[in-house]
Amino acid sequence: MADVEFVGARGDDIARNAPHSRFDCVVHPVDKESPNAAAALVCCDMCYCWVCDVPAKTCAEWTAHCVANRSIEWMTVRNKAQRMKNAREAGVPTEAPNVVGARFAAAAQADAQPAAQQADESSRETFEQAAQDEENEDLFAEYEPLHWREGQRHPDPVVETTSLSFAELPRITYQLKLPVGITQPKSDSNPFGGALSNLQLETVAYACQRHLTMLPERQ
């Protein structure tokens with residue numbers, strides 16, 4: 001049996017007469033996965049550039065775009081072209097890639113500082129930090145309980161102004177009824193050890209002691 005050969009057609013053939021991407025053309029078919037550049041250059045009147053979304057014969061970069069397919073690489077090129085097209089239609093100024101690259105290179109060069117300048121900047125920051133630390137030492141003093149010695153040290157540093165540190169607190173006369181082991185270090189046999197630090201226990205003692213004060217109204 002001889003091969004079937006079409007010698008004519010009647011009516012409207014959508015596959016031929018409707019706009020289509022170059023790789024979907026049935027008049028000049030090409031391999032969609034890896035199209036041959038020489039063969040892909042040839043197109044029918046209905047072929048469209050898949051990257052620029054314009055008729056193939058009006059594409060300014062058809063020599064390169066004729067082999068475009070739906071691969072990830074060409075998808076990236078298509079998305080970039082669509083963004084630039086939308087920007088032009090919206091009146092947003094666009095720049096050529098070489099202009100953008102030159103601007104970024106100039107910015108990177110401006111940000112780069114000589115080693116000596118970086119060293120001077122580091123030295124200045126170190127001096128300023130030392131001055132700030134010295135000023136803080138003059139303004140603040142580390143707080144330690146004066147009349148309470150039981151319990152574990154507070155896990156975080158606590159400070160008070162230097163002027164306030166000269167004011168002596170009253171002696172603690174209230175006897176706290178504390179859970180057994182709370183003033184000892186925490187361990188497997190003493191899970192509540194250190195649940196309250198010595199600073200916190202001092203605060204509770206002063207609060208209880210103050211609560212016993214009788215006001216003039218006998219309250």
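**Cores, sheet and surface**

Tutor: Of the 17 residues in the largest nonpolar core, Cys47, Trp62 and Trp74 touch the most other members; such a core is a set of buried Ala, Val, Leu, Ile, Met, Phe, Trp, Tyr and Cys residues joined through side-chain atoms within 4.5 Å, where buried means under 20% relative accessible area, exposed over 50% and partly exposed in between (1.4 Å probe, protein chains only). Apart from this core lies another, of six residues, among them Trp148, Ile172, Leu201 and Ala205. This is a predicted model, in which local features need pLDDT of at least 70 and side-chain atom pairs count only at pLDDT 80 or more, while totals for chains, interfaces and linings use all residues. Residues are numbered from 1 along each chain as its sequence is written, and side-chain values use heavy atoms, leaving out hydrogens and water.

Student: And what does Trp62 touch?

Tutor: Not counting residues up to four places away in sequence, Trp62 touches Arg22, Ala40, Leu41, Cys43, Tyr48, Cys49 and Ala56, with contact meaning heavy atoms within 4.5 Å.

Student: Switching to the sheet, what's the strand order?

Tutor: The order is S1-S2-S3 in an open sheet of three strands with mixed pairing; strands are DSSP runs (E, at least two residues) numbered from the N terminus, and two of them pair if DSSP finds at least two bridges between them.

Student: Why do S1 and S3 stand at the edges?

Tutor: Strand S1 (20-21) and strand S3 (54-55) each have a single partner strand, so one side of each is left without a neighbour in the sheet.

Student: Which residue in S3 is the bridge partner of Cys49?

Tutor: That is Val54.

Methods. Helix = DSSP H or I, 4+ residues; strand = E, 2+ residues; numbered from the N terminus.
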